[in-house]
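Here are my notes on the model you sent over. Have the structure open while you read, and go through the points in order.

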Amino acid sequence: MKHGLGCGDVQRKLREGELTAAVEDHLLACEACAALVVRHLAEEDAPKASEIDALLASVELEIDAERGALVWFRALSTDVRWLLVMGFFSALLLVVAAVLRRPDLADVTASTVAVFGVYALLLGVIVAHGIRPMHRLELDGPRRAVAWAAVLSPVAVALLGHLVPLGRPGPAQHDCFPLGLLIGTLLVGLLRVVDRGAHRSDTAALLSVAAGGLGANLVLLLHCADSRMSHVLPAHAVVGLVLGFIYFGPGRRWQRSDDRR
């Protein structure tokens, strides 16, 4: 390998308690060894040699069990996977702007543009947190706070719409909720595909749900001109909450039954 250390050398140095720059370079390039270190740190105890071998064997079995496109997607670098998700979503935005755009899109207010920009920035940050490399441990508390802020921000915008109107009330679109749910589901599915942990962490799953809700509301800002709370709240803002209910309710039960198979 280019980094000068093989998996066996890294295992030996870990047993000896060494964590050198060469070991860190190897962990950045080897997902199996990185996952081994993550598990070791989670246990907070120095594993015995036999435990290290068992953990490595289990990681290898998990990697061997996945074949095809999933492995290829998850093997891409973090930056490439981020660009893949954001590029896919940008393409969805372009399709909606070209085919399903609101009639007053050329005359939207500054407040609409500001909300759109905040949603887009928050979406990019959440996607970056959701697909981070597995060996980069981050505090779950702040990440959950960001995720919940993203889920609830469209609700807050809908409730405060009378203070910061997103334009003159226009004709309501009757397909807003199903369209938003479709966009959100596509985003959640793609994030699960490119997440190397496959959403085994509830925090990672919550981040993907938040991204799906924000993405849906971004699309609906381009699609629907109705700014009334009576429409925006039930048809736009709650998409993220519904995605969370589906994912952590029936969806989670389906995932567990699928894992048992």
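1. Disulfides first: a search of the whole structure turns up 0 of them, taking a disulfide as a pair of cysteine sulfur atoms within 2.5 Å. Keep in mind that this is a predicted model, where local features need pLDDT of at least 70, side-chain atom pairs count only at pLDDT 80 or more, and totals for chains, interfaces and linings use all residues. Residues are numbered from 1 along each chain as its sequence is written, and side-chain values use heavy atoms, with hydrogens and water left out.

2. Which cysteine sulfur is closest to that of Cys 176? It belongs to Cys 224, and at 3.7 Å the two are too far apart for a bond. A disulfide, after all, is a covalent bond between the sulfur atoms of two cysteines. Both residues are tucked away from solvent: Cys 176 is buried at 1% relative accessibility, and Cys 224 is buried at 4%. Buried here means under 20% relative accessible area, exposed means over 50%, and partly exposed is in between (1.4 Å probe, protein chains only).

3. Cys 176 also takes us to helix α9, where it is one of the buried residues. The others on that list include Leu 179, Gly 180, Ile 183, Leu 187 and Leu 191. Helix α9 covers residues 176-194. It has 19 residues and reaches 27 Å from its first C-alpha to its last, close to the 27 Å expected at 1.5 Å a residue; the expected span is 1.5 Å times one less than the number of residues.

4. Where does Leu 182 sit? It lies in α9, but it counts as partly exposed, at 48% relative accessibility. Together with Phe 88 and Leu 186, Leu 182 forms a nonpolar patch on the surface, with about 240 Å² of accessible area in total. Patches are built from residues with over 30% relative accessible area and no salt bridge; like charges are joined within 9 Å, and nonpolar side chains (Val, Leu, Ile, Met, Phe, Trp, Tyr) within 5 Å. The areas come from the Shrake-Rupley method with a 1.4 Å probe, and for residues only the protein chains shown count as cover.

5. On charges, the count comes to 2 salt bridges, each needing a side-chain nitrogen of Lys or Arg within 4 Å of a carboxyl oxygen of Asp or Glu. Asp 104 meets Arg 102 at 2.6 Å, N to O; Arg 102 is buried at 2%, while Asp 104 is partly exposed at 21%. Asp 226 pairs with Arg 228, with the closest N and O atoms 2.6 Å apart.

6. Tyr 247 is buried at 9%, whereas Phe 248 is partly exposed at 33%.

7. Finally, the overall picture: the protein has 13 helices and 0 strands. Helices (H or I, at least four residues) and strands (E, at least two) are DSSP runs, numbered from the N terminus. Of the 261 residues, 41% are buried.
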